Structures are given as structure tokens and as C-alpha cells.
Amino acid sequence: MEQLLNEGFKVSIIDNLDNSIIEAVDRVKELVDPELSKKLQFNLSDLKSRDDLDKLFFKTKFDVVIHFAAFKAVGESVGNPLSILTII
């Protein structure tokens with residue numbers, strides 16, 4: 001996220017905060033120039049929810065979507081790989 005912001009891109013984070021905290025987003029904002037941090041948008045949504053995605057894509061035009069959703073720990077992803085599947 002930091003690199004994308006520094007390159008001038010707008011960045012939208014979509015996360016349900018199931019295994020993360022909002023302070024991680026705040027930390028990214030602290031790492032970049034205050035003007036660049038304005039280009040970072042956080043959406044409390046679940047990628048597995050079709051309704052959440054429909055609402056987000058209705059209100060926001062994306063040029064590119066990069067899907068990084070996964071568990072932070074490898075063991076979580078390996079132990080339950082189907083839990084990160086989305087409807088996309």
C-alpha cells in the first residue's frame with residue numbers, strides 16, 4: 001500500500017478486520033506524506049459478501065483490483081484453505 005501511494009495511486013482497502021486491526025491502516029497513513037494518506041480509503045467489508053462487494057463497486061470505480069486477502073499466518077491458511085475463498 002505504501003509503495004502504491006508513493007507512486008501516486010489511490011488505494012482502497014477492503015477488510016472485515018477478522019484477523020487484523022484498523023491501526024494497521026493508520027500506520028500506513030503515518031508512513032506516507034499527509035497529502036498521499038488522503039488517497040487511502042478503508043472499507044469495512046467482507047470479500048465473501050456479494051452485497052458488500054456490490055455496494056463497493058457501485059460507488060467506486062476501480063482501474064485495477066489486486067486481491068491480497070489471506071490469513072496473516074501460513075498455518076491458518078494451510079489448515080483451513082477454503083475459508084478464504086470468495087464469491088468472485
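Leu36 is placed in helix 3 (residues 34-37); helices (H or I, at least four residues) and strands (E, at least two) are DSSP runs, numbered from the N terminus. The structure is a predicted model, in which local features need pLDDT of at least 70 and side-chain atom pairs count only at pLDDT 80 or more, while totals for chains, interfaces and linings use all residues. Residues are numbered from 1 along each chain as its sequence is written, and side-chain values use heavy atoms, with hydrogens and water left out.

Apart from its neighbours within four places in sequence, Leu36 is in contact (heavy atoms within 4.5 Å) with Leu5 and Asn6. Between Leu36 and Phe9 there are 27 residues of separation in sequence, and their C-alpha atoms are 8.8 Å apart in space.

Leu36 also belongs to the largest nonpolar core, which has eight residues in all: Leu5, Val11, Ile13, Val25, Val28, Val32, Leu36 and Leu40. A nonpolar core is a set of buried Ala, Val, Leu, Ile, Met, Phe, Trp, Tyr and Cys residues joined through side-chain atoms within 4.5 Å. Buried means under 20% relative accessible area, exposed over 50%, and partly exposed in between (1.4 Å probe, protein chains only). At least two residues of this core come from strand 1, and at least two from helix 2. In soluble globular proteins, nonpolar side chains tend to be buried together.

Val11, one of the core residues, is in contact with Met1, Leu4, Leu5, Lys39, Leu40 and Gln41 when its neighbours within four places in sequence are left aside.

## The chain as a whole

The protein chain has five helices and two strands, and from the N terminus on its elements run α-β-α-α-β-α-α. Of its 88 residues, 19% are buried. Among contacts with a separation of 6 or more, 62% are between residues 24 or more positions apart. The accessible surface of the chain is about 6,700 Å², and 57% of this belongs to carbon and sulfur atoms. Accessible areas come from the Shrake-Rupley method with a 1.4 Å probe; for residues, only the protein chains shown count as cover.

## A buried serine in a loop

Ser45 is found in the loop between strand 2 (40-44) and helix 4. Ser45 counts as buried because its relative accessible area is 12%. Neighbours within four places in sequence aside, the contacts of Ser45 are Ile14, Asp15, Asn16 and Asp52.

## Salt bridges

The whole structure contains four salt bridges, a salt bridge being a side-chain nitrogen of Lys or Arg within 4 Å of a carboxyl oxygen of Asp or Glu.

| Residues | N to O distance |
|---|---|
| Glu30 and Arg27 | 3.5 Å |
| Lys38 and Glu35 | 2.9 Å |
| Asp54 and Arg50 | 3.3 Å |

Glu30 and Arg27 both lie in helix 2 (residues 23-31), three residues apart, about one turn of the helix. Glu30 is exposed, at 58% relative accessible area, whereas Arg27 is partly exposed, at 46%.

Asp54 and Arg50 share helix 4 (residues 50-59), where they are four residues apart, about one turn of the helix. Asp54 is partly exposed, with a relative accessible area of 41%, and Arg50 is exposed, at 52%. Lys38 is likewise exposed, with a value of 62%.

## An aromatic pair and a surface patch

One aromatic pair is counted in the structure. The pair consists of Phe57 and Phe62, which are tilted, with 4.9 Å from centre to centre and 55° between the planes. By the rule used, rings of Phe, Tyr and Trp (its six-membered ring) pair if their centres lie within 6.5 Å; planes under 30 degrees apart count as stacked, over 60 as edge-to-face and the rest as tilted. Phe57 is partly exposed at 40% relative accessibility, and Phe62 is partly exposed at 23%.

Leu4, Phe9, Val64, Ile66 and Phe68 make a nonpolar surface patch of about 560 Å². Patches are made of residues with over 30% relative accessible area and no salt bridge: like charges are joined within 9 Å, nonpolar side chains (Val, Leu, Ile, Met, Phe, Trp, Tyr) within 5 Å. Phe9 lies in the loop between helix 1 (2-6) and strand 1 (11-15), and its relative accessible area of 48% makes Phe9 partly exposed.
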